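The following exercises are to be worked with the sequence and the model at hand. Each task is followed by a solution in steps.

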Protein chains: 2
Amino acid sequence: MNLRAAADGLGLSPERMERMLGRVVRSSDWPLPRLLRFDKAVSGIEAGTVVFDNNEIVYGYPKIRRAMMLLPAIKRHFSDWVIVEEKMNGHNVRVAKVGKSVVALTRGGFICPYSTEVARDQIPTEIFRDHPDLVLCGEMVGPKNPYVPKEVYPTESMDFYLFDVSRKGKREMEGSSMTHATAEEYGIRSVRLFGEFGIDEAAEKIKEIIKDLGVRGREGVVIKDPANIAGPIKYTSSESNCRDLEFAFRYYSDYGQDFFFSRVVREGFQAAEWSDSEEEFIERCLRLGKSMLGPMRETVETKIEGRPIVQEVEIVVKDLQTATDFEEHLRRMGVRAIFDPPRTSPGGYLVKIKRLVMSTNDKTESVIGGQLW
Amino acid sequence: MNLRAAADGLGLSPERMERMLGRVVRSSDWPLPRLLRFDKAVSGIEAGTVVFDNNEIVYGYPKIRRAMMLLPAIKRHFSDWVIVEEKMNGHNVRVAKVGKSVVALTRGGFICPYSTEVARDQIPTEIFRDHPDLVLCGEMVGPKNPYVPKEVYPTESMDFYLFDVSRKGKREMEGSSMTHATAEEYGIRSVRLFGEFGIDEAAEKIKEIIKDLGVRGREGVVIKDPANIAGPIKYTSSESNCRDLEFAFRYYSDYGQDFFFSRVVREGFQAAEWSDSEEEFIERCLRLGKSMLGPMRETVETKIEGRPIVQEVEIVVKDLQTATDFEEHLRRMGVRAIFDPPRTSPGGYLVKIKRLVMSTNDKTESVIGGQLW
């Protein structure tokens, strides 16, 4: 890899690039193609930015900021009109063709072998033949998503949904209309577009959309500027906040405390903005309380019965090598997991994966053994 | 102050003492008597330990560890019998006579002018005449406690309840029987003694005590070793955990996230240990959810109405100088507060205090103004 060319492409001095190497910038030669990966944001370069061996750059997907209260956030942030799209709940990937191969990069800039297999399967090759510099940003969702397994989408496995389009070497997204036009032209799934709303009616419309999404187990929305100038903002349903908590409290000692706190605070602001009726408010409080205590109680009970606490997820691969590679990928990410032997299944091979949650196991075991806090 | 003598009394070398001065050890000459105060625990010396000008030492009150699950904690920690006392909800003070004056030290080792006035008023002077080296450890509770105002105790103002007795220059407590004997002999209030229980029945008994305390708005219990060998452990009611949350979520941005998290985790373990019925569990979840969202919603609504978020507390002083001194004390502790002019009231002068909660004010104001998270 030519470090000078990479630095040049990123607008950095070669000396600065040299200094960052091995610190914020990591090199990887597995899986191929070789690349440099930005572990953290530096000098205005997003975390997850990748420079490939051929000096092509795929910038990190920019963080989408969150509205805590819809109405004031929309009014402050946008002018006149907003586009509302569904925010799907899976993991964010950037798909690009590098040399001869299409790869899917995770948010952090790792090539995920499993996401890559799905991307190659679901995205027609013509798109990169026609537009070799395209970067397809999308969400991988479904019950066979090993990072965020969700049953609420119309798939048995893991599907790719386009939500943004960018270009190699460019930081900007091309905007919502380009996203949906590209998806339609090449027959790719894209996230649902709820429509365009005037800034005065948007908060009320989004409230209705969010309430409906929540009931259906969906996550929330991303609000975009039709002119593609102001950055997008996200907003999520109460049910989704609570499902996050439900998942995390099962492994209460392996998640950061800010994960819990931020979700409770979101509920507080939503309750205030939406002026919950007494009945709605009680329902919200009960949902919140249950989402924390239910899974935690189950974890303690499981441990009392002498069983280990594990996160069980599944993948479905077409090629057995993908499962082997995904195991190596998780290992490199520092995740401790046990892979069951693959079983043939519709669409390929099903592999059950048990992720070990060490801290929750240890903590719970010590407390039921009488350890003090 | 003779630093060498102070070091000697603490079992430290004068050089080490010298090095700690201004860092972990702070000197204070207000209010009198002059003292050195341990800001943090070092070399086995508890935080809050104080060395007075006359070289007398009052050791910091040792941290009482918490049982997360009663039965296994009691079995692991104690042998044969346990004593159960009420854990009252106020602030912990150590009262001692230094030279000619009785002073009340806070947990951190500050002389609190208000607690000192209450201690001088409520503790008969004979006790220190008879036992000049006594250190009376107790809880200051009541609605006029400006740190932890609580209406659930039988007082209109702030009362001292003895819960442990120690000696100057000694780290150990003298044990539960000495505490209650001393209280009785000198007519001092002491924390309620629920009794002594066999280790096999204790968890079940304490569960009943805790449930009853919870319903009555009380905090919980401290479990002690009758032989005064094993250290005490504490355990609190669900209602008390939730009231803590209720208070803290009103000022959600001014409290540490571990404050929230630890209380939710306590609830999870209690629900599992007590095998809540479905009805009890729903009640617990609702109580937890309400304790977070209720006050937070109110805070947001208050701010939307344009009113500031303040913590309003009250003190009742006999001497107006005490109020002035308490204002100075808070200022030195880094608390921003506004004192209303004193008003005559039964028992002296009532002073209303508004404590500013800057972060919650700023954060809430910015969110209702549309700031993103």
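**Exercise 1.** Determine whether H8(B) is mostly covered or mostly open, and identify what its buried residues pack against.

*Solution.* The model is a predicted one. Step 1: of the 13 residues in H8(B), ten are buried, and the helix is thus mostly covered. Step 2: the buried positions comprise Ser238(B), Glu239(B), Ser240(B), Asn241(B), Cys242(B), Arg243(B), Asp244(B) and Leu245(B), together with Phe249(B) and Arg250(B). Step 4: the helix itself, residues 238–250, spans 19 Å from first to last C-alpha, close to the 18 Å expected at 1.5 Å a residue.

**Exercise 2.** Describe the side of chain A that touches chain B by its elements and its residue classes.

*Solution.* Step 1: the contact draws 42 residues from chain A and 42 residues from chain B. Step 2: on the side of chain A, at least two residues come from each of strand S5 (65–66) and helices H3 (70–77), H9 (257–273), H10 (278–304) and H12 (358–368). Step 3: the most is given by H10(A), with 13 residues. Step 4: by class, this side holds 26 nonpolar, six polar and ten charged residues.

**Exercise 3.** State the strand order of the five-stranded open sheet in chain A, and locate its edges.

*Solution.* Step 1: the order is S5-S13-S12-S6-S11 (chain A), with mixed pairing. Step 2: S5 and S11 (193–198) of chain A pair on one side only and are the edge strands. Step 3: within the sheet, S6 (residues 81–87) and S12 (residues 220–224) of chain A are antiparallel, joined over five bridges. Step 4: Val84(A) has Ile223(A), in S12(A), as its bridge partner.

**Exercise 4.** Decide whether Leu105(A) is buried or exposed, and list its contacts beyond four places in sequence.

*Solution.* Step 1: Leu105(A) belongs to strand S8 (residues 101–106) of chain A. Step 2: a residue is buried if 20 or more other C-beta atoms lie within 10 Å of its own; Leu105(A) has 28, so it is buried. Step 3: beyond four places in sequence, Leu105(A) is in contact with Val50(A), Val58(A), Val93(A), Arg94(A), Phe110(A) and Ile111(A).

**Exercise 5.** Examine the backbone of chain B at Pro31(B), Pro33(B), Asp80(B) and Asn228(B).

*Solution.* Step 1: most residues other than glycine have a negative phi, and most peptide bonds are trans. Step 2: the bond joining Trp30(B) and Pro31(B) is cis, with omega about -15°, and that from Leu32(B) to Pro33(B) is cis with omega near 0°. Step 3: Pro31(B) lies in the loop between strands S1 (25–28) and S2 (35–38) of chain B, and Pro33(B) is likewise found between S1 and S2 of chain B. Step 4: phi is positive at Asp80(B), near 65°, and at Asn228(B), near 55°. Step 5: Asp80(B) counts as exposed because it has 10 C-beta neighbours inside 10 Å, whereas Asn228(B), with 16, counts as partly exposed.

Definitions and conventions:
Residues are numbered from 1 along each chain as its sequence is written. Chains are lettered from A and ligands numbered from 1 in the order in which they are written. This is a predicted model: local features need pLDDT of at least 70, side-chain atom pairs count only at pLDDT 80 or more; totals for chains, interfaces and linings use all residues. Helices (H or I, at least four residues) and strands (E, at least two) are DSSP runs, numbered from the N terminus. The expected span of a helix is 1.5 Å times one less than its number of residues. A residue is buried if 20 or more other C-beta atoms lie within 10 Å of its own, exposed if 12 or fewer, and partly exposed in between; C-beta atoms are placed from the backbone. Two residues are in contact if their C-beta atoms, placed from the backbone, lie within 7 Å. Ala, Val, Leu, Ile, Met, Phe, Trp, Tyr, Cys and Pro count as nonpolar, Asp, Glu, Lys and Arg as charged, and the others, Gly among them, as polar. Two strands pair if DSSP finds at least two bridges between them.
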